[in-house]
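Subject: Structure handover

Hello,

Here is the structure we talked about, with notes on what was found in it. Please look through it before reading on.

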Amino acid sequence: MPDVEQARVLALETSCDETAAAIVENGRALLSSVVASQMELHARYGGVYPEVASRQHVLSITPVVEQALSQAQLTLKDIDALAVTQGPGLAGSLVVGMNMAKGIATGANKPLIGVNHLEGHLYSAWVYTAGEQPPPEPRFPLMALLVSGGHTELNLMTDHLTYQPLGSTLDDAAGEAFDKVARLLGLPYPGGPSIQQAAEMGGRARFKFPRSWLDDTWNFSFSGVKTAVLYEVNDLKKKNGPLPVADLAASFQEAVVDVLFKKTLKASREFGAKEILVAGGVSANSALRKIFRSQSEFPVHIPPLSLCTDNAAMIAAAGYQRFVLGHVSELDLDVLPTWPLSQIKYSSPVRTCPSP
Ligand code: KG4
Ligand code: ZN
């Protein structure tokens, strides 16, 4: 390969309920991204049904990879490395992407890189559509707020792939709280977008839901606000009046966004961050995007909407950063259903890349 810096990475992502493949060049320029969502399949269960998810990944993975290549008008010969989500996620789902990636890597004789899904979410902020004006690259030290369905954490990124964990949720993840409160309010799965939509017509000051500041730490807690909504709903139901769903949704969303924003801002000041990055499924939330964009004294990077929820472009972008450092995996790589960001260990470099 002539130039490692320009490497094209084909990535696969199957950690939960989206079957995704994407190709990214130079760690930033998105050449193609395909996401086959299983949302409708799981909606009837009110959440992700793991067995159903892995079976659907098996059906979707080949056409999704083929589509990613054809959209980019490339063949496997044009790809420099394969990246795949190694974890965290559902074991039965992860193995489908992992085995497909191993198969392609072996068949096409390309290096394989196992990528942490959370690291992937953070790197979604580096991606832009090829051919468009690249947005400014995030600068370190960078305060990174990761808010997804399974995780809520604050990390100070002092350099590429270097995370200082500051805090995380002690109970529910922010996205999980959105999903659970949506269910309480009778709103459809997935809860985040449903709450956001309902909240548009609601009064965010109507209910004063509690905020867990956990002031001496950088941790979060969302079970208190979830329980407060439950009590309020039960009280209102006892009175037999119509449930003010829009006001409940708006007030709940306000409580969550308020804590996420203020704690991230405070941490950025205390740790001397230059900029802020917000990523993960909940970063698609319009109220969260608005407050970070309008009220932060730091430049804020939030991925485009299509890259907030699970996708493979983010795995390619993170995989690229690993690839340029020579963090290439062996073919006996196994999935890691539980794999905190703080426990990423690469025996670096496993394989030395050719210098540019
Ligand atoms: O990152 P993601 O796609 O999957 C995980 O890695 O967990 O995040 C999914 C989560 C779900 O909990 C979903 O309800 C939430 O992100 N979410 C939102 C919005 N869109 C997705 N939460 C709030 N507002 C949204 N617009
Ligand atoms: Zn995710």
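A salt bridge is counted here when a side-chain nitrogen of Lys or Arg comes within 4 Å of a carboxyl oxygen of Asp or Glu. By that criterion E275 and R139 form one, with an N to O distance of 2.9 Å. E275 belongs to strand β10 (residues 275-279), while R139 is in the loop between β6 (128-129) and β7 (142-147), so this pair ties together parts that are 136 residues apart in sequence. E275 is buried, at a relative accessible area of 5%, whereas R139 is partly exposed, at 45%. Please keep in mind that this is a predicted model.

Other salt bridges

The structure holds 13 salt bridges. One of them joins the side chains of R211 and D258, again with N and O 3.0 Å apart. This pair also links distant parts of the chain: R211 is in the loop between α6 (191-199) and α7 (223-238), and D258 is in helix α8 (residues 245-270), 47 residues away. R211 is partly exposed, with a relative accessible area of 26%; D258 is buried, with 10%.

R55 is exposed, at a relative accessible area of 56%, and E51 is partly exposed, at 42%.

The zinc site

Which residues coordinate the zinc ion (ligand 2)? They are H117 and H121, each through NE2, and D310 through OD, at 2.0 to 2.1 Å. Along the chain, these donors follow the spacing H-x3-H-x188-D. H117 sits in helix α4 (residues 117-123) and D310 in the loop between β11 (300-301) and α10 (313-324), so that pair, 193 residues apart, links distant parts of the chain. Both H117 and D310 are buried.

Why is the arrangement around the zinc ion (ligand 2) called tetrahedral? The 4 donor atoms subtend angles of 96 to 127°, and four donors count as tetrahedral if all angles lie between 85 and 135 degrees. For reference, the ideal angle for four tetrahedral donors is 109.5 degrees.

Nonpolar cores

In soluble globular proteins, nonpolar side chains tend to be buried together. The largest nonpolar core in this model has 47 residues. Those with the most contacts inside this core are L185, I195, F209, F252, L260 and F292. At least two core residues come from each of β7, β8 (152-159), α5 (174-184), α6, α7, α8, β10 and α9 (286-295). Helix α8 supplies the largest share, 12 residues.

Leaving out residues up to four places away in sequence, L185 touches I195, V229, V233, V245, L248 and A249. Another core, of 41 residues, lies apart from the largest one. Its members include V127, A312, A313 and W339.

Regards

Technical notes: Residues are numbered from 1 along each chain as its sequence is written. Chains are lettered from A and ligands numbered from 1 in the order in which they are written. This is a predicted model: local features need pLDDT of at least 70, side-chain atom pairs count only at pLDDT 80 or more; totals for chains, interfaces and linings use all residues. Side-chain values use heavy atoms; hydrogens and water are left out. Donors are N, O and S atoms within 2.8 Å of the metal (3.2 Å for Na, K and Ca); water is not among the atoms, so sites may look incomplete. Four donors count as tetrahedral if all angles lie between 85 and 135 degrees; four count as square planar and six as octahedral if opposite donors are over 155 degrees apart and all others between 65 and 115; anything else is irregular. Helices (H or I, at least four residues) and strands (E, at least two) are DSSP runs, numbered from the N terminus. Buried means under 20% relative accessible area, exposed over 50%, partly exposed in between (1.4 Å probe, protein chains only). A nonpolar core is a set of buried Ala, Val, Leu, Ile, Met, Phe, Trp, Tyr and Cys residues joined through side-chain atoms within 4.5 Å. Contact means heavy atoms within 4.5 Å.
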